[in-house]
Amino acid sequence: MSAPNVAQIMFGNVVLWFAPLGTTRIADTTAYGTTWPSPWNRFGFTKDGLAVQYDRDELEIEVQEVMGPVKRIAIGEKCTFGTRLAEVAPGYMYITTSSGIISSVPAAVGQPARSTLTMGGQGALREHMWGFEGCYRDAAGTEFPMRWYIWKGTSKVTDKLVWERKGSPGIAFEIAAMPDHAKAVGQQLFQWDMITAAALPAP
């Protein structure tokens, strides 16, 4: 890990997925670019890249006899995904806000088909499992998947929806992870998998 490795310079877009809480992560043998199995759902085209941020709050312990901290401990942490959807529809707003009520009316005589989102007055937020997949290429150019999972998270819209003559609206949103306390300490917030070589054949 300490030696520079050009193969670890990653580039290209990623694809975002979501699923009910407790969904099994994707098998390591699943090829890059393969559709994730149900109940995973692909989450739209995006206008921006996906930004991932991990933050930690720390407490510094000081003593009178030393000018700097003698110990530092973590007292809080968070992980977020953020991007902007290119697709704008009530169903996407329903997921990105973790709130509201979505409904649809099928086309009928005298009634056009309609999709409707209602919002307001709801305190509880829906939680989902989230993941995204990008590409790692080894020194020979072989493509392998890179996958990042949030076990549990809520999402919120972070910017205005703007309709304009020289552009198209997009839903800017952020997914914030919550710890899964059923997992061991050190594994509760997220998991990042990078497949670096193919599995060996059976003997």
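**Note on a predicted model: rings, core and pocket**

1. Start with Tyr54. Tyr54 is partly exposed, at 35% relative accessibility. This residue belongs to strand β3. The model discussed here is a predicted one. Tyr54 and Met10 stand 44 residues apart in sequence, and their C-alpha atoms are 18 Å apart in space.

2. Next, the ring partner of Tyr54. Tyr54 and Phe190 make an aromatic pair of the edge-to-face kind. Their ring centres are 5.9 Å apart, with 75° between the planes. Tyr54 sits in strand β3, residues 51-61, while Phe190 sits in strand β10, residues 190-194, so the pair ties together parts that are 136 residues apart in sequence. Is Phe190 buried, exposed or partly exposed? Its relative accessibility is 25%, so Phe190 counts as partly exposed.

3. A second ring pair deserves a look. The ring centres of Phe132 and Trp148 are 6.0 Å apart. The planes meet at 25°, so this pair is stacked. Planes must be under 30 degrees apart to count as stacked. Phe132 lies in strand β7 and Trp148 in strand β8, residues 143-157. The two are 16 residues apart, and the pair links distant parts of the chain. Both Phe132 and Trp148 are buried.

4. These pairs belong to a wider set. Which residues do ring pairs link into a cluster? The members are Tyr54, Phe81, Phe132, Trp148, Phe190 and Trp192. Across the model, the count comes to 18 aromatic pairs.

5. The charged end of Arg42 sits over the ring of Phe45, 5.9 Å from the ring centre. Lys183 lies over the face of Trp151, and here the distance to the ring centre is 4.1 Å.

6. Now the nonpolar core. How many residues does the largest nonpolar core have? It has 19. Leu16, Phe43, Phe81, Trp130 and Ile175 have the most contacts inside this core. At least two residues each come from β1, β4 (71-85), α1 (90-96), β7, β8 and β9 (171-177). The largest share, 4 residues, is supplied by β9. Phe81 is a link to point 4: it is one of the residues in the ring cluster and one of those with the most contacts inside the largest core.

7. The largest pocket comes next. It holds about 340 Å³ of space. Its lining is made up of 20 residues, and the closest to the pocket centre are Gly12, Asn13, Val14, Val15 and Leu50. What is the make-up of the lining: how many nonpolar, polar and charged residues? There are 11 nonpolar, 7 polar and 2 charged. Strands β1 (15-19) and β7 (128-137) each give at least two residues to this lining.

8. With a relative accessible area of 35%, Asn5 is partly exposed. Asn5 and Ala139 are 134 residues apart in sequence, yet 8.6 Å apart in space, C-alpha to C-alpha. Ile9 lies in the segment before β1 too. Its relative accessibility is 58%, so Ile9 counts as exposed. Ile9 and Tyr136 are separated by 127 residues in sequence and by 8.3 Å in space, C-alpha to C-alpha.

9. Two backbone details are worth checking on screen. Where is the cis peptide bond? It joins Ser38 and Pro39, with omega at about 15°. Pro39 is found in the loop between β1 and β2 (41-42). The other detail is Ser98. Ser98 is not a glycine, although its phi is positive, at about 55°. This residue is in the loop between α1 and β5 (101-105). Is Ser98 buried or exposed? Ser98 is at 1% relative accessibility, so it counts as buried.

Terms used
Residues numbered from 1 in each chain as written. Predicted model: local features only at pLDDT ≥ 70, side-chain atom pairs only at ≥ 80, totals over all residues. Heavy atoms only, no water. 1 Å grid on protein atoms, 1.4 Å probe; cavity = no way out; pocket = protein on both sides within 12 Å on 5 of 7 lines; lining within 4 Å. Points joined across faces, edges and corners; volume = space filled by probe spheres on them. Nonpolar A, V, L, I, M, F, W, Y, C, P; charged D, E, K, R; others polar. Phe/Tyr/Trp six-rings, centres within 6.5 Å; stacked < 30°, edge-to-face > 60°. Buried < 20%, exposed > 50% of the residue type's maximum accessible area, 1.4 Å probe, protein only. Lys NZ or Arg CZ within 6 Å of the ring centre and 35° of its normal. Core = buried A, V, L, I, M, F, W, Y, C linked by side-chain atoms within 4.5 Å.
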